[in-house]
Amino acid sequence: MDMKRVISIQDISCVGKCSLTVALPVISAMGIETSILPTAVLSTHTMFKGFTFRDLTCDITPIVEHWKKEKFEFDAIYTGYLGSFEQLDLVDKFFTDFKRPGNLIFVDPVMADNGKLYPGFTPEFAQAMSKLCRQADVVVPNLTEAAFMLGEECHLAGYDEEYIKTTLKKLTALGAKCAVLTGVSFEEGKVGLMGYDSVKDEFFSYYHKRLNVSFHGTGDVFASTAVGALVRGKTLAEALKIAADNTVESIELTIADPEHENYGVRFERAIPKLLKTLGDC
Ligand code: PXL
């Protein structure tokens, strides 16, 4: 198998297990070179009080200019948590510079969950994030992020399949080829995802048992696994199933220990099973 290379553009939260400290180990373990473009360095993710935040926006252009001189290419560009309007513009430009026929642009518009924006984000930022979707092959918002990007009221329950399908079509109308909504549930005790491929005009879905817990970083485990599986040649529906199963496994391995830490999941312990699923061992 030839060596593939992903570039992941998001923050480094030094402690807390999210964004790059998830993307790097998960995608690397899947046998893919994982390059990074850190957008900020935080002492922890934003769940902790008093976190430090070093903005790295000024470093992005010189780094990218160097890469252009070196003629680096990426099989996938994966963006997650981004901290400012300027960074959104720079990432948009990055997509234009590094898009190649056949490479994958995967946007996880990290900014909200459970009906609320994360600290520091505004509805205007969500609108600006929606512009990144224009060049994306795949976008993976949760229901809250989708509502904010579309400038709509957020429905977390009591919706029907038509609502989800319409929302997916609106997301692809922003420009993304495929849109995936996470946190979708039509049945008590079950939750999962529904996706829409606008090129094939096809919907797909995958549901698993609902674990009534919430941890930071699970979205990053999901997105990183999905990117890895797509780069490994899985179809979008296959990649999302693998990603959802790996996320559930990571959460289950965490809560199985009553002494578990509460700031992130033990995705490290799920890696052997993930590699078995991929047929690597
Ligand atoms: O898991 C997403 C994420 C990434 N980066 C930072 C975060 C969060 C979630 O809160 O705070 C800094």
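Trainee: How many Å separate a polar side-chain atom of Thr46 from an oxygen atom of the ligand?

Mentor: This is a predicted model, in which local features need pLDDT of at least 70, side-chain atom pairs count only at pLDDT 80 or more, and totals for chains, interfaces and linings use all residues. Residues are numbered from 1 along each chain as its sequence is written, and side-chain values use heavy atoms, with hydrogens and water left out. A polar contact is a pair of N or O atoms within 3.5 Å; within protein, one must be able to donate a hydrogen and the other to accept it, and residues adjacent in sequence count only if both atoms are side-chain atoms. For Thr46 and the ligand oxygen, the separation is 2.7 Å.

Trainee: What percentage of the ligand's area does the protein bury?

Mentor: Two further side chains place a polar atom by a ligand oxygen: His216 at 3.3 Å and Asp220 at 2.6 Å. Taken alone, the ligand exposes 310 Å² (Shrake-Rupley method, 1.4 Å probe; for residues, only the protein chains shown count as cover). Of that area, the protein buries 97%.

Trainee: Which residues come nearest to the ligand?

Mentor: A residue is near a molecule or strand if one of its heavy atoms lies within 4 Å of it. The shell has five nonpolar, six polar and two charged residues, where Ala, Val, Leu, Ile, Met, Phe, Trp, Tyr, Cys and Pro count as nonpolar, Asp, Glu, Lys and Arg as charged, and the others, Gly among them, as polar. Of the 13 residues around the ligand, those that come nearest are Asp11, Thr46, Tyr81, His216 and Asp220.

Trainee: How many residues apart in sequence are the parts that the pair of Phe74 and Phe98 ties together?

Mentor: Rings of Phe, Tyr and Trp (its six-membered ring) pair if their centres lie within 6.5 Å; planes under 30 degrees apart count as stacked, over 60 as edge-to-face and the rest as tilted. The structure holds 14 aromatic pairs, and that of Phe74 and Phe98 is tilted, at 5.5 Å centre to centre and 55° between the planes. Because Phe74 lies in the loop between helix H2 (57-70) and E4, and Phe98 in helix H3, the pair joins parts whose separation in sequence is 24 residues.

Trainee: Is Phe98 buried or exposed?

Mentor: Buried means under 20% relative accessible area, exposed over 50%, and partly exposed in between (1.4 Å probe, protein chains only). Phe98 forms one aromatic cluster with Trp67, Phe74 and Phe94. Phe74 is at 5% relative accessibility; Phe98, at 2%, counts as buried.

Trainee: Where is Lys71 found?

Mentor: Most residues other than glycine have a negative phi. Lys71, although not a glycine, has a positive phi of about 60°, and its 69% relative accessibility makes it exposed. With helices (H or I, at least four residues) and strands (E, at least two) taken as DSSP runs numbered from the N terminus, Lys71 is found in the loop between H2 and E4.

Trainee: Which elements do the buried residues of H4 pack against?

Mentor: Helix H4 (residues 123-132) has as its buried residues Phe125, Ala126, Ala128, Met129, Ser130 and Leu132. Contact means heavy atoms within 4.5 Å. The elements against which these buried residues pack are strand E4 (76-79), helix H3 (85-98), strand E5 (104-107) and helix H5 (143-150).
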